[in-house]
Amino acid sequence: MSEKIKRKVGIHFDRCYKRHDTGPWHPESAARYRALSAALEDLPKTFVKIPGRVATEQEVLLVHAPWYLDIVRQDTENFADQLRTGDTAICSESGDVARAATGAVLNAVDFVMQGELDSAFCAVRPPGHHATADRGMGFCIFNHVAIAARYLQVTHGLKRLAIIDWDVHHGNGTEAIFHEDADVLYISLHEAGIYPFTGSAEEQGAGAGKGATLNLPLPKGSNGDVALRVWDERITAVVKNFRPEFMLISAGFDARQNDPVGGLRWADKTFAEMTRRSVALAQQWCQGRIVSVLEGGYNPDGLAVAAMAHVKALRG
Ligand SMILES: [Zn+2]
């Protein structure tokens, strides 16, 4: 009987994400959102639609520096086409859209913490995992997953959180934010030797956070079986030892085969398998609680198919 009980999964998507205009030919484009939202629209009604909200300034400040918020405000108000801190294309609405993305993730966290959902997937943009406390870069403005981790601690009183990041790129922003933090476990599977050129296995955190960072760089061209083997050999034991109370996933889909940016060759079923493993770990340690947040994935149709595999596997 128990294996027939489906987990209650929330999904979030909102047309506001189309307003973040990165200009022509940019891989992080509204076309990604259009393909993904069309697929999410087709899911059965058993997937609960989570409404959005705009994160407050105080919530964004849980992670980001006040002067960085000023930079985002000034650059968008001045119609800059690039954030001055790095390679993030912006338009005048990008700061507002990024705050809406963060707010939606926090809403999903609330739904899961209130027990209305077991887990949730948030199809937001811009992505977040390259953003540090005071620097937007790599198409990212605010680090939604990092803010959600702090929000879980401050608002919901949790202590120990796990972030699993399977975007093809290392989440340098998330790692930096929790570098010296013993209570937030950061695990990254990513392609070795590509942007942002961080995330070597030797980076394991520092100070009190030593050992709470696990980087698992994978060789260029490797397929999903390699990643799943690394998962089984390394990730399962580390999560078990850490005993997190909640799991956040930085769900990038740019490790998928035929992605124009990433150089790994994961299949759609790789994302389903990783999701099943995440659900199993969350059920063991986190009362099943997972909030997953879209990061990269630059083949719009491929992104939609891989994300559907992920969302369906969240149901168990
Ligand atoms: Zn990426």
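Metal donors are here N, O and S atoms within 2.8 Å of the metal (3.2 Å for Na, K and Ca), and since water is not among the atoms, sites may look incomplete. The structure is a predicted model, in which local features need pLDDT of at least 70 and side-chain atom pairs count only at pLDDT 80 or more, while totals for chains, interfaces and linings use all residues. Residues are numbered from 1 along each chain as its sequence is written, and side-chain values use heavy atoms, with hydrogens and water left out.

View 1. Asp167 (OD), Asp167 (OD), His169 (ND1) and Asp254 (OD) coordinate the zinc ion at 1.9 to 2.7 Å.

**View 2. Surroundings of Phe253.** Phe253 has contacts (heavy atoms within 4.5 Å) that include Phe121, Trp166, Phe271 and His310, not counting residues up to four places away in sequence.

**View 3. Helix α5 and the residue after it.** Helices are DSSP runs of H or I with at least four residues, and strands are runs of E with at least two, numbered from the N terminus. Ten of the 13 residues of helix α5 (residues 144-156) are buried, so this helix is largely enclosed by the rest of the structure. Just after α5, Gly157 takes a positive phi of about 70 degrees.

**View 4. Strand β6.** Five of the six residues of β6 (residues 213-218) are buried, so the strand is largely enclosed by the rest of the structure.

Notes
Buried means under 20% relative accessible area, exposed over 50%, partly exposed in between (1.4 Å probe, protein chains only).
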